[in-house]
Amino acid sequence: MALVEREPELAAIRAMIGAAAAGHGRTALVEGPPGIGKTAVLAAAGEHARGRGLRVLTSIGGELEQDLPFTIVRQLFEPPLRTEDRAELLAGAAGLAAPVFGGHDAGQGDVVYGLYWLCANLSESAPLLLVVDDLHWADGPSLRFLSHLSRRIADLPVLLLLAARPGTVLDSLVDTALGGAAPHVIRLRQLSDEAVGVLVRRDLSAEAEDEFCRACAVATGGNPFLLAEAVTNLRENGTRPIATEAHRVSQLRADAISRAVLARIARGGVDAVRFARALAVLETAAEPRHIAALAGLSLEAAAAAADGLTRESIVTAGHPVMFVHPLVRNAVYADSSSLLRATEHKRAARMLAADDAGVEQLAPHLLAATPESDPWVVETLRAAAMSALGRGAPESAVTYLTRARTEPPAQQEKGPLAAMLGRVLAMAARTAEATDMLDEAISRAESPIERIQLVLEQGFLHVQSGRSAQAAETAARARTMIAEYGGDLPPLMYAGFAGLDMIAMQPPGAVLEGLAGAASRLTGSTEEVRMLLATMAFGSVATGKSTVAEVVELATRAATGSIPVRGGWILVNYASAALGICDRHDESIALLDRGLAWTSRLGDVWNYRYLSMLRSHSCWYAGRLVEAEGDARAALEEVSGEASRLNAPLAAAMLVDALVERGKLAEAQQVLEDYGISEPLPAHTIIMHFIPIARARLRLRRNEPAEALAELSEVGRFLTDGGYFNPGFAEWRTDAVQAHLALGDVAAAKKLAEENLELARAFGAPRSIARALRTLATTEPGLDLLRQAVELLANERSELEHAYCLIAYGSALRRAGQRNAALDPLRQGLDLAARCGATPLAEQAREELHAAGARPRRDVVSGRDALTSSELRVARLAADGRTNRDIAQALFLTTRTVEAHLTASYRKLAIRGRAQLSAAIAEPPA
């Protein structure tokens, strides 16, 4: 039946359907009060979309189902997964979504990321129209997916068409779920008096008089559903559609219409009333046998009641049985006391449990039941929480566990329940609440081991949430508890405690002493052993008191094997950092690449970005500046509307380091300001030292030596007081020497440079020694120090530092009057600097070559060097034979973004396609 007065809205939706069919996705939100016709508009849109060749998938939110995880998602995607090739639809990263549909246990990946790729796979065969009605009742996990999709939908042939009621609930949904996605909002207005007249004359009487029609418009407020109910009531009452009867219409307000609905139900007798009330409790998709059981009816009597209610336009025909409109359900549901409804929900849960229904089906009813210290309720809600976690829905698990705590549980269950809720709150990114809940769990824990474990978890939660002061306090608390306990701990707890202690600036030497006993008792290469070895490698490299060989052995043993599912990012972090500082740059970056591949398989975008940040720093050490910049940008990449990540300031510091070396000083300054790190911040954890050092390096290049020295001196005290002496771990001394020299204090510069060289030689990493030699050479005349530095790096892979040493040596030779001898190191240094992407250093080499009488070539921005960091990342994967979709999944990009990068790369490289990529982007031989 044609809709009245909805043509402008339908035209807008049809235009977006056309855009989706052409590959340009959008999100649209149809907004309006109950009964305004949202569902009818969605149905018309679906009919038009099918005519255009789109696949239409629909879902509807339910008031009772908003605490069931991924209810909306399952309604959308389960039909094609049942009827089509499931393995094909869940191929690639889409496989991460399998737990949502009962595919396997979760905990191994980001199901929302998998759902995005399931949507992408579905849209390959035909453009999609995804319809979500009653969004205001959508469950939290589904909203998380809709948010993820809506921010990335532009590159998919998908229209996401939502409908919801206005008000604070919708405002919150738009802000949190769709914030930044800029949905096209279509607001349905009340029908005009003329439109009401058209409908009254169509559905009641063609002879209806104008005054009567106007009375209908006033009484119903132009609401189509209320108007339809009013017309039904008027017809049943035999009201004539004439002016003198208009006063009867004025009595048909919304509450009167609700009473009329209940009266129509009552006409069907006691069975109809029982059936309707049972359906209102069970809500959507209820099985007939469940409705009959809750209503206390036989199946035959229930079927007869349903038939009568269908004729009265109360419920829909067919299966599943549903109310014709949420307003009808609301009228029935509200026609009983809250206490009675709570009792019926508890009875419904027991009935469903007896029928072997899943625990998640029971949970919404138990949420609505009155707490009464029932152990069965507590255990069922705990099981439902575990099931929700298995689907990747911590939001629902939080709701179930919170309700279980109000039951309340038995005294001995309160501690474990608080611990579980604290962990789940952390998974749901509600860190402040998680911390408080873990505090309660700690206070209730019965064993010392359990208390220590919870304190460690709380400490790492503080670290991950950027609360460095609280992390330090928690580490101190853990130390006290372990000392009081005095017994042996499980190996992973030793590793966790040591890692937290070092992050909280405890002297790594003392931490390592504490690990020695545990390490001596471990053999083999289990994940526990490797985690402990990685922690020891990190602590050993930080102190600078072990040898390079000892650290490399520990880190290599830790890195050998698969990435652990639990705490894998910690192992990759510690072992890769240790290898990089030992000048094992290739091994360090290879381990990080394995870690990134691991996070990509899991769809773990947060740890992907964290490891990208670490890779940026490792590439900076190795002199691969274009990659360092690209990885830092990947770590900082955010989608509009998403909350900033807590590691963003650290990733910004990595980007600043790369930009400074590449000569992009203004851009580096802007990064500092954009991420709120342009001014000093209090430092409580070891990782915070990267920020002031990066800021100081930029200030040195901007001729602000006093400010740079103040920051470097402060961070130097912070690190040395904490026992972090290795100059390769935190290279503040080399920059502080340059600041002293810029301020004219040669004596202080020389003293610090000599200390730096002594520490570097004690550890033995060639890059650190060469850097220290080059730094000392700036404080005293002579060529010997620079010659040693150049020779030391002749066979190493520290190309940027090698370039610095060669150019410094060549420059010193020229100044000493040895022009011919200067040419070779200057040319080598220029080539290395250009290869690294160190533009200012390359320019310095050219100036020195000019001064030596040579005519150095100018770089032409073409070939591999012309690619942006993002283009190079994509091109490298494409050259390895990865498809566009594989690349998009690996780098957390859209397929269209990958296509754009490759198109630009082909143009810059002057090649025709993938077959030529490998040769075009190959690094020049060392």
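In helix 37 (residues 732-742), the buried positions are Trp 732, Arg 733, Thr 734, Asp 735, Ala 736, Val 737, Ala 739 and His 740, where buried means under 20% relative accessible area, exposed means over 50%, and partly exposed lies in between, for a 1.4 Å probe and protein chains only. The helix is thus mostly covered, with 8 of its 11 residues buried. Helices (H or I, at least four residues) and strands (E, at least two) are DSSP runs numbered from the N terminus. This is a predicted model, in which local features need pLDDT of at least 70 and side-chain atom pairs count only at pLDDT 80 or more, whereas totals for chains, interfaces and linings use all residues. Residues are numbered from 1 along each chain as its sequence is written, and side-chain values use heavy atoms, with hydrogens and water left out. The cover over the buried residues of helix 37 includes helix 35 (690-701), helix 36 (705-721), helix 38 (746-763) and helix 39 (766-777). Just after helix 37, Gly 744 adopts a positive phi of about 85°.

Because Glu 711 lies in helix 36 and Arg 699 in helix 35, the pair ties together parts that are 12 residues apart in sequence. Glu 711 is buried, with a relative accessible area of 8%, and Arg 699 is likewise counted as buried, at 16%.

The structure holds 64 salt bridges. Among them, Asp 307 and Arg 311 meet at 2.3 Å, N to O; both belong to helix 15 (residues 299-311), where they lie 4 residues apart, about one turn of the helix. Asp 307 is partly exposed at 40% relative accessibility, while Arg 311 is exposed at 62%. A further salt bridge links Arg 584 to Glu 587, with the closest N and O atoms 3.6 Å apart; Arg 584 is partly exposed at 34%, and Glu 587 is partly exposed at 36%. Asp 593, Arg 615, Arg 624, Glu 627, Asp 631, Arg 873 and Arg 876 are linked in a network of salt bridges.

An open sheet is formed by 5 strands in the order 2-3-4-1-5, with parallel pairing; two strands are taken to pair if DSSP finds at least two bridges between them. Strand 2 (55-60) and strand 5 stand at the edges with a single partner strand each, so one side of each is left without a neighbour in the sheet. Neighbouring strands are turned by 15° against each other on average, direction ignored; axes are lines fitted to C-alpha atoms, for helices over the stretch in contact, and angles run from 0 to 180 degrees between N-to-C directions. Strand 1 (residues 26-31) is mostly covered, 5 of its 6 residues being buried. Strand 1 pairs with strand 4 (residues 158-164) over 6 bridges in the parallel sense, with Glu 31 opposite Ala 164. Strand 1 is also joined by 4 bridges to strand 5 (residues 184-187), again parallel, and here Leu 29 stands opposite Val 185. Strand 3 (residues 128-133) pairs with strand 4 over 5 parallel bridges, Leu 128 standing opposite Val 158. Helix 5 (residues 111-125) packs on the sheet, touching strands 2, 3 and 4, and its direction makes about 130° with that of strand 3. Helix 6 (residues 140-150) also packs on the sheet, where it touches strands 1, 3 and 4 at about 135° to the direction of strand 4.

A nonpolar core is a set of buried Ala, Val, Leu, Ile, Met, Phe, Trp, Tyr and Cys residues joined through side-chain atoms within 4.5 Å. The largest has 245 residues, and those with the most contacts inside it are Phe 77, Leu 115 and Leu 118. Helix 33 (residues 648-661) gives the most to this core, with 11 residues. Leaving aside neighbours within four places in sequence, Leu 115 is in contact (heavy atoms within 4.5 Å) with Phe 70, Val 73, Phe 77, Ala 97, Val 100, Phe 101 and Phe 145.

The structure holds 0 disulfides, a disulfide being a pair of cysteine sulfur atoms within 2.5 Å. The sulfur of Cys 582 is 17 Å from the closest cysteine sulfur, that of Cys 619, which is too far for a bond.

Definitions and conventions: A salt bridge is a side-chain nitrogen of Lys or Arg within 4 Å of a carboxyl oxygen of Asp or Glu.
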